[in-house]
Amino acid sequence: MRLQDKVALITGAASGIGRETAVLFASEGAKVVVCDVNDELGKETAKLIEQQGGQAVYVHADISKAEDCKNMVDKAESTFGRLNVMFNNAGIMHSSDDNAETTEESVWDLTMAINLKGVFLGCKYGIPALKRAGGGSIINTASFVAVLGAATPQIAYTASKGGVLAMTRELAVVHARENIRVNSLCPGPLKTELLMKFLDTDAKKQRRLVHVPMGRFGEAKEMAQAALFLASDESSYVTGTDFMVDGGIKAAYVTPE
Ligand code: NAD
């Protein structure tokens, strides 16, 4: 098993990438701390893990709040004895996030509080715990839009994810000698509720797909597989990367018909 005896904390684990990853990590031997603001679905994730014979605990945590982030890390250590893997994955894509002229300041502030400050707070409280465990792996979910200009504007989201990439690089360098690896996971466009709600017409979906060489949206499961590699010791020499899992979108200038 690829995560035998490891304790992994995953934010946004009530749905999408977070849930798929929680279930996959558990099937690879990890004890999982499932964190989210959606208590019903978060508990369901923990139950799914237990039903397949794994170990999980659900913790309510709004990652934009320092107190909640401290509490989720404390809970990992008090329940399972240590923390080895921190997957800062929770994020939002606000339906009113648009271009610079039309986006409300409140939408900008909320997006930054969750997508960017939430990752900072996860690291602020997660890093001391990883140090106590002798090191570990941090994975921060960014997005392909942080490295490419997206035609569908979402100014706050894009800026927040760019911040995640920059912060991840610095963390990777600063903590490299402490046996802590820090990488960004950059998903391409995925067939998850988050994006499908945002691209709510066929025209919008096609406009996005035209840029993907593989010609399809990715699956949350495919992000979980990449996160598994970054979490496990198989990626022991990988740190500070913008790990693209994007169907080739970043590589494409013109995509095949
Ligand atoms: P999702 O909406 O299915 O899951 C996000 C989860 O985060 C939800 O369970 C939600 O309840 C939780 N969440 C929201 N605000 C929170 C908060 N303040 N504190 C704790 N939890 C909170 O979406 P997903 O597609 O699985 O997204 C996961 C990550 O992947 C996000 O960071 C997202 O930006 C990123 N991402 C998604 C796509 C895509 O196409 N879906 C592409 C690139 C990046």
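I count a polar contact as a pair of N or O atoms within 3.5 Å. The model I am reading is predicted.

**Ligand contacts**

I started with aspartate 36. One of its polar side-chain atoms lies 2.6 Å from an oxygen atom of the ligand, so the pair falls within the 3.5 Å cut-off. Next I checked aspartate 62, where a polar side-chain atom sits 2.9 Å from a ligand nitrogen atom. Leucine 190 uses its backbone: a polar atom there is 2.8 Å from an oxygen atom of the ligand. I then looked up the cover. The protein hides 92% of the 830 Å² of accessible area that the ligand has on its own.

**Shell**

I found 27 residues around the ligand, with Ser15, Asp36, Asn89, Tyr157 and Thr192 the closest. By class, the shell holds 15 nonpolar, nine polar and three charged residues.

**Largest pocket**

Which pocket does the ligand take up? I found it in the largest pocket. Helix H1 (16–27), helix H5 (155–174) and helix H6 (193–198) each give two or more residues to the ligand shell. I noted a volume of about 1000 Å³ for the largest pocket. Its lining has 41 residues, and Ser15, Gly91, Ile92, Met93 and Leu194 are the closest to the centre. H6 contributes the most to this lining, with five residues. I sorted the lining into 21 nonpolar, 14 polar and six charged residues.

**Second largest pocket**

I turned to the second largest pocket, which holds about 300 Å³ of space. It is lined by 16 residues, and Gly136, Asn179, Arg181, Asp233 and Ser236 lie nearest its centre. Strand E5 (136–141) and strand E6 (180–187) each supply at least two lining residues. I logged six nonpolar, seven polar and three charged residues there.

Terms used. Residues numbered from 1 in each chain as written. Predicted model: local features only at pLDDT ≥ 70, side-chain atom pairs only at ≥ 80, totals over all residues. Heavy atoms only, no water. Near = heavy atom within 4 Å. Polar contact = N/O pair within 3.5 Å; in protein donor to acceptor, adjacent residues only side chain to side chain. Areas by Shrake-Rupley, 256 points an atom, 1.4 Å probe, with all protein chains shown as cover. 1 Å grid on protein atoms, 1.4 Å probe; cavity = no way out; pocket = protein on both sides within 12 Å on 5 of 7 lines; lining within 4 Å. Sits in = over half its atoms within 2 Å of the grid points. Helix = DSSP H or I, 4+ residues; strand = E, 2+ residues; numbered from the N terminus. Nonpolar A, V, L, I, M, F, W, Y, C, P; charged D, E, K, R; others polar. Points joined across faces, edges and corners; volume = space filled by probe spheres on them.
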